[in-house]
Structure formats: structure tokens, C-alpha cells
Amino acid sequence: MLEVHHVTKHYASRPILRDVSLALAKGERVALLGPSGCGKTTLLNCIGGIDRVDSGRIELAGADLATLTSDGLSLVRRRQIGTIFQFFHLLPTLTAEENIEMPLQLTGMAKAERLERVRALMQRVGIAHRSGALPAQLSGGEMQRVAIARAVIHRPMLILADEPTGNLDSATGAQILDLLREVTEEEGTALLMVTHSDEAARACHRVLRMLDGVLL
Ligand SMILES: Nc1ncnc2c1ncn2[C@@H]1O[C@H](COP(=O)(O)OP(=O)(O)O)[C@@H](O)[C@H]1O
Ligand SMILES: [Mg+2]
């Protein structure tokens with residue numbers, strides 16, 4: 001469902017991604033490891049359509065991202081991709097429930113159906129009792145549960161996670177990994193996860209290593 005073919009990317013004239021190729025099958029979980037600055041986030045940004053590649057091709061469910069207009073790209077991003085970050089990136093003025101509902105509001109789904117789906121998922125990820133809380137009132141683990149729910153609420157085919165346990169203590173991180181594994185399995189969602197942790201890599205089917213913009 002995801003194919004990356006010979007992608008290169010520069011910032012100024014500095015090469016950041018060099019001839020990167022990879023593929024992910026439906027429901028496959030892949031860990032991306034590599035030292036700080038080697039290009040992991042840049043690769044996720046290119047796959048997520050936040051950044052454009054200089055050469056090479058990225059196809060998501062058969063659609064070549066380079067051929068899409070910026071509107072087309074945001075549509076693919078909103079429908080097919082969920083993202084999870086190290087520092088959660090929840091909207092601070094919205095409650096947990098409203099943060100999770102957000103991706104559905106962009107789909108035009110009726111309010112009653114949205115709420116039903118949001119509430120079922122909040123139960124599933126163990127934060128139903130925190131539905132009215134603002135992000136600042138939540139613990140790190142709770143924030144990441146909200147972020148996971150927000151990433152899967154619209155049933156995307158791919159989740160891009162950038163060090164999702166990087167800001168959590170190891171016990172909480174392990175719970176979040178279990179949850180991520182279970183939820184992606186239940187939903188048949190593929191996962192590409194940047195991580196520094198061996199434990200996170202063990203939650204995946206496959207590990208990719210990157211060094212200086214090259215996939216080893
Ligand atoms: N917007 C940008 N403009 C210029 N250089 C950037 C930009 N984003 C990242 N870089 C540089 O690209 C390299 C790879 O960054 P990044 O993909 O964030 O690495 P990683 O996620 O593996 O730590 C780094 O040297 C970083 O400084
Ligand atoms: Mg990074």
C-alpha cells in the first residue's frame with residue numbers, strides 16, 4: 001500500500017535523503033531506526049505529503065503523490081494517513097474528545113455518528129473517563145492515548161509515528177506500544193514508526209536502519 005522508489009531530497013544543496021526505496025504492505029508495522037539528523041523525520045514528512053521529494057516517487061494506495069495538487073495531497077493526507085508525534089501535538093484549547101473528533105469533522109460525517117465512533121474508541125484506548133479534559137490536564141501517557149485515537153479515528157491505511165514513546169517513561173511507553181500494536185492489528189493499519197527504542201522495534205514486523213540519508 002506504500003511504495004517509495006529512489007527518493008532523494010536536499011535542503012539547500014545538502015543531500016538529506018539519498019536514493020531511498022521501501023515498501024509497506026497493508027497492516028505491516030515497520031520500525032525506522034537511525035541516529036539523530038540522519039533524515040528519518042524528513043522521510044516521514046515526504047511520505048505524509050508535508051514535504052515534496054526532489055526526485056523519485058512515492059505511491060500511496062497506487063496514487064503518485066507528486067502528481068497530486070496541494071488540495072489533492074491534503075485530501076489523501078486527511079483520509080489515508082494518521083500521525084503520532086513525540087510531543088503529542090494535541091490542540092491545547094480542545095478537549096480530549098474534541099481532539100479525537102477533529103479528523104472526522106473534515107469528512108462531513110454526521111455529528112451523532114462522529115460522537116458514537118469517538119466514544120467507542122475512547123473506551124478502546126482507555127481514556128473515556130478523561131473525555132472532557134484539556135491536553136494540559138492529561139499525563140503524557142493519556143495524551144499519547146488521545147493522539148493514537150486521533151490518528152486512527154478516520155480509519156487511515158497508514159500511521160506515521162515519529163518517536164511516539166520518546167517522551168514517556170519506559171512503563172508508559174510499553175503500554176503505548178502495546179496499544180499501538182493492538183489498534184493497528186484490529187484496524188489492519190500499516191505503521192511506519194521512527195524510534196530509538198529496541199522495545200518499540202520489537203513491536204514491529206520489520207526494522208529499517210538509516211544512516212546519513214541512506215537506508216541500509
Ligand atoms: N526544513 C529544513 N531546512 C533545512 N534543513 C533541514 C530541515 N529539516 C531538517 N533539516 C536537516 O536535515 C537533516 C535531517 O533531519 P531530520 O530528518 O529531522 O533527521 P532525524 O529525524 O533523523 O533526526 C538534519 O541535518 C536537519 O538539520
Ligand atoms: Mg526526527
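I count two strands as paired if DSSP finds at least two bridges between them. Helices (H or I, at least four residues) and strands (E, at least two) are DSSP runs, numbered from the N terminus.

I am working with a predicted model, where local features need pLDDT of at least 70, side-chain atom pairs count only at pLDDT 80 or more, and totals for chains, interfaces and linings use all residues. Residues are numbered from 1 along each chain as its sequence is written.

**Open sheet.** I looked up the strand order and found S2-S1-S4-S5, an open sheet with antiparallel pairing. Strand S2 (14–24) and strand S5 (63–64) each have a single partner strand, so one side of each lacks a neighbour in the sheet. I then checked S4 (residues 55–60) against S5 and found two antiparallel bridges. Leucine 60 stands opposite alanine 63 in S5.

**Strand S6.** I took buried to mean 20 or more other C-beta atoms within 10 Å of a residue's own, exposed 12 or fewer, and partly exposed in between, with C-beta atoms placed from the backbone. In S6 (residues 81–85), five of five residues are buried. Ile81, Thr83 and Phe85 point one way, Gly82 and Ile84 the other. I found five bridges from S6 to strand S7 (residues 158–162), and the two run parallel. Glycine 82 has isoleucine 159 as its bridge partner in S7.

**Helix H4.** I listed the buried residues of H4: Val118, Leu121, Met122 and Val125. The face turned away from that buried side carries exposed Ala112, Glu113, Glu116 and Ala120. Glycine 126 follows H4, and its phi is positive, near 80°.

Key. Chains lettered and ligands numbered in written order.
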